[in-house]
Amino acid sequence: MEEIHFGLLAFLMAAGFAAAFIDAVVGGGGLISIPALLFTGLSPAVALGTNKLAATMGALTSTISFLRSGKLHMKLVLKLLPLSIIGSAIGVYIVQLIPSEFLKPLILVLLILVTVYTLLKKDWGMESTFRQLSFKMALFIISAAFVIGFYDGFLGAGTGSFLLFAFLLLGFDFVQAAGNAKALNFGSNLAALLTFIAFGSVNFFYGIPMGLAMVLGALAGSRVAIKSGASYVKVLFIMITVLLIGKSFWDYMQTRLFS
């Protein structure tokens, strides 16, 4: 039995490292970590909660890394963080009461729009043009922080991509947008984690080792992003959103075919 546990832990740690490397830059690490946790036989609710434990550890590491490199707008992030935290906690609570299936078609459409927009605007996000927030942009980012935080607690797939896209719309380059997005993602992850713990939906035996691997993956991923620059982050962002579109479409079709 011990050998099986150690084998699973090694598998989860490898998956966690890979997931956090990607998640540190553009989000989407759940594409790797959640299926890995489900493979161990955990229920969907416990897999999501355990993933939040590991992802929170990785997100904190990424946030610190971006902050130390000066790629994080701390003043703006601190104002938005409470909204992301509150939204996420509400999302986790609501998902315990109602199914999240009805959101999936909408998320698929939004991911496609985000990807197409990014592809059409070739030089977008290569250099930062952000100076200060206008009233309209302040309303936009305040709403985005709360809504995307809620979405992270409620469903979660693509949260990092949506946050990054929101900061790109403010005029940040891809690296700065990734740093800001990861800080808010840490807040929403932490709030979701605490709520999952309250519901007893976290497996600490799997979550802590996976989280330690995510710390290493997040450290490596954020350093590569900071060193390689905006063009690298943009390419990875497009790749991950395309994968998210494929997964969302597959999940939607599975639901339609077998409902």
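Predicted model: local features only at pLDDT ≥ 70, side-chain atom pairs only at ≥ 80, totals over all residues.
Residues are numbered from 1 along each chain as its sequence is written, and side-chain values use heavy atoms, with hydrogens and water left out.

**View 1. The largest pocket has a volume of about 1,000 Å³.** On a 1 Å grid over the protein atoms alone, a pocket is an open set of points with protein on both sides within 12 Å along at least five of seven lines, and lining residues have an atom within 4 Å of a point. Grid points are joined across faces, edges and corners, and a volume is the space filled by probe spheres set on them. Helix α3 (residues 44-68) gives the largest share, ten residues; helices here are DSSP runs (H or I, at least four residues), numbered from the N terminus. By class, the lining holds 23 nonpolar, 20 polar and seven charged residues. Nonpolar means Ala, Val, Leu, Ile, Met, Phe, Trp, Tyr, Cys and Pro; charged means Asp, Glu, Lys and Arg; the others, Gly among them, are polar.

**View 2. The second largest pocket has a volume of about 350 Å³.** Look for Ile107, Leu110, Val147, Ile148 and Phe162, which lie nearest the centre among its 16 lining residues. Helices α5 (104-120), α6 (135-154) and α7 (159-170) each supply at least two residues of the lining, and α6 gives the most, with seven. This lining has 15 nonpolar residues, one polar and no charged.

**View 3. About 40 Å³ of space lies in the largest cavity.** A cavity is a set of grid points where a 1.4 Å probe fits but cannot get out, and the structure holds one of 30 Å³ or more. Its lining includes Asp23, Gly27, Leu164 and Lys182. Helix α8 (174-198) joins α1 (2-26) and α7 in supplying at least two residues each, and α8 has the largest share, four residues. Five lining residues are nonpolar, three polar and two charged.

**View 4. Ser65 sits in helix α3.** Ser65 counts as buried because its relative accessibility is 10%, where buried means under 20% relative accessible area (1.4 Å probe, protein chains only). Leaving aside residues up to four places away in sequence, Ser65 touches Ser222, Arg223 and Ile226, with contact meaning heavy atoms within 4.5 Å.

Notes:
Buried < 20%, exposed > 50% of the residue type's maximum accessible area, 1.4 Å probe, protein only.
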